[in-house]
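The following exercises are meant to be worked through with the sequence and the model side by side.

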Protein chains: 2
Amino acid sequence: MPTNATFSEFSKACVSRVEQALEQQLPGTSIEPARLHEAMRYATFNGGKRVRPILVYASGQACRGAPEALDIPACAVELIHSYSLVHDDLPAMDDDDLRRGKPTCHRAYDEATAILVGDALQSLAFRLLTHHQDQLPADTCLQMVRLLATASGSRGMAGGQAMDIDAVARELTLPELEIMHIHKTGALIRASVQMGAMAAGATEQQLLLLGHYATAVGLAFQVQDDILDITSDTDTLGKTQGKDAAANKPTYPGLLGLDGARQKAQELLDEALNALVDFGAEADQLRHLARYVVQRAH
Amino acid sequence: MPTNATFSEFSKACVSRVEQALEQQLPGTSIEPARLHEAMRYATFNGGKRVRPILVYASGQACRGAPEALDIPACAVELIHSYSLVHDDLPAMDDDDLRRGKPTCHRAYDEATAILVGDALQSLAFRLLTHHQDQLPADTCLQMVRLLATASGSRGMAGGQAMDIDAVARELTLPELEIMHIHKTGALIRASVQMGAMAAGATEQQLLLLGHYATAVGLAFQVQDDILDITSDTDTLGKTQGKDAAANKPTYPGLLGLDGARQKAQELLDEALNALVDFGAEADQLRHLARYVVQRAH
């Protein structure tokens, strides 16, 4: 993946790498319990944009790491993301029938299987990080386990989901909304960036700057999601348009108006780019990615 | 915990140690999201027998390890066990209202919270294992993460649960039933024994022998569970008596008859004890525990 690739070339190469690695790392469908393994693959190979793995590769590249050392953390963050979608879609949670235009895991299989798919994908994410010792020292692998576990748990993604549930039909302030999103989506995005850097042998200073970048990009991602929920049609989104607004979920356009939300996204993009000023051209893909997050149409 | 303590004294000391450690390691209920943290504690402090932590301490003692090095693996296996109970009790799975005489997590809170409680307890288990480096080398911690992740995932506990779901209302052979239980309950019991040994600096040969012990004890535990489901009353069990038989779940008494099942439990006990012949008095608690598993009344 050359530094001067366009973002489209770079992200295609990342998607190809991580999907090949996931293909290798997920248990085969001929291994028992076969139906569970099939469902785990269904949930993982679902046409996702692989934003988090792309962040791992782009951040690793910014710290001059070899792509080979980044495949495992890229798989791990995507497995955590996939598990969270499966559980979020369950009837007791968001009750979604479609995910990117295809039946959600519990619709394609059944609820019990979908619960277990999520549980097993989470275990697999941590297991993969322990098989990385031919590439990285044990201490670095353990730090990645710690980062990912913290980002996934009650003080991270799962906690943000709990805050989201508590927030439905109740007026959130802007700071409360941000705290929820920093947990719900931000923590895993931040972990993706930091794990990529860690696997590339980043310095403490680099980790700190990339942490700032990731926090801004994570929030920008959410603001743009909220904007698209209002402005896009269901076909483009691959999920039901206007669902969040209809469910009375607090959104940025709801709190700031559509123009205010767009301005907020732009400010966050500027923040993200500012965090990268000390990096050279090797951080260009991170810069492209930040712009893509704010400019994407779905 | 002196080697010559009775099993009752030893197990009381283990329960006290692990509950104090869990109390310290679980996020406080004043930390946001407060309701999720409260529910995580509800699910963990539920009057459980703490069999898996006791196995960690007993196995560590058999390898002459210090109890201080065993607290974290003891917490980790119990958190995984607690999460599995919360998800198993969900309406889409076993649909249980009571667990040890108290409302199950989704009845005391709600289904969405119960799903997140399980997810967050799993993350926390892995996170704890990374905070153990003042006691153990990073390499040992990473090996414990690998063991626990393998034991929890689709080739372990979650996989066994999937096999169990597939097996309802279908006649299993004895080998199929054993494969299911080796995954569903055996894998975590084995991981408990092996993590205790690992944290105590066991040799490869000790790990192998303790693995044999754990496999036999794990199956014995399940055979006895099936026997108790038939012979105990609901009050003693703390859950609905005869539920497995009524749900058409395959059981050992169903396949072997009650006497056959009792004989099987006895054979497994003998196997477990045989695996320990090369150990001295320091393995006595493991021996007591194997007997307790087969002789317990609930």
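**Exercise 1. Backbone exceptions**

In which loop of chain A does Arg100(A) lie? Describe its backbone and accessibility, then do likewise for Arg50(B).

Solution. Before starting, note that this is a predicted model, in which local features need pLDDT of at least 70 and side-chain atom pairs count only at pLDDT 80 or more, while totals for chains, interfaces and linings use all residues. Residues are numbered from 1 along each chain as its sequence is written, chains are lettered from A and ligands numbered from 1 in the order in which they are written, and side-chain values use heavy atoms, with hydrogens and water left out.

Step one: Arg100(A) sits in the loop between strand S1 (98-99) and strand S2 (102-103) of chain A, where helices (H or I, at least four residues) and strands (E, at least two) are DSSP runs numbered from the N terminus.

Step two: the phi of Arg100(A) is near 50°, a positive value in a residue other than glycine. As background, most residues other than glycine have a negative phi, and most peptide bonds are trans.

Step three: Arg100(A) has a relative accessible area of 28% and is therefore partly exposed; the scale calls a residue buried under 20% relative accessible area, exposed over 50% and partly exposed in between, using a 1.4 Å probe and protein chains only.

Step four: Arg50(B), found in the loop between H2 and helix H3 (51-62) of chain B, has a positive phi of about 60° although it is not a glycine. With 2% relative accessibility, Arg50(B) counts as buried.

**Exercise 2. Cis peptide bonds**

Which residues are joined by a cis peptide bond in chain A, and which in chain B?

Solution. In chain A, the cis bond joins Glu32(A) and Pro33(A), with omega about -5°, and Pro33(A) belongs to the loop between helix H1 (7-25) and helix H2 (34-44). In chain B, Glu32(B) and Pro33(B) are joined by a cis bond with omega about -5°, and Pro33(B) lies in the loop between H1 and helix H2 (34-44) of that chain.

**Exercise 3. Aromatic pairs**

Classify the ring pair formed by Phe126(A) and Phe126(B), and the one formed by Phe7(B) and Tyr292(B).

Solution. Step one is the rule: rings of Phe, Tyr and Trp (its six-membered ring) pair if their centres lie within 6.5 Å, and planes under 30 degrees apart count as stacked, over 60 as edge-to-face and the rest as tilted. By this rule there are five aromatic pairs over all chains.

Step two: the centres of the Phe126(A) and Phe126(B) rings are 4.8 Å apart and their planes are at 25°, so the pair is stacked. This pair crosses between chains, from helix H6 (residues 111-129) of chain A to helix H6 (residues 111-129) of chain B, and both Phe126(A) and Phe126(B) are buried.

Step three: Phe7(B) and Tyr292(B) are 5.6 Å centre to centre with 40° between the planes, which is a tilted pair. Their pairing links distant parts of the chain, helix H1 (residues 7-25) and helix H14 (residues 284-295) of chain B, with the two residues 285 residues apart. Phe7(B) is buried at a relative accessible area of 16%, whereas Tyr292(B), at 28%, counts as partly exposed.
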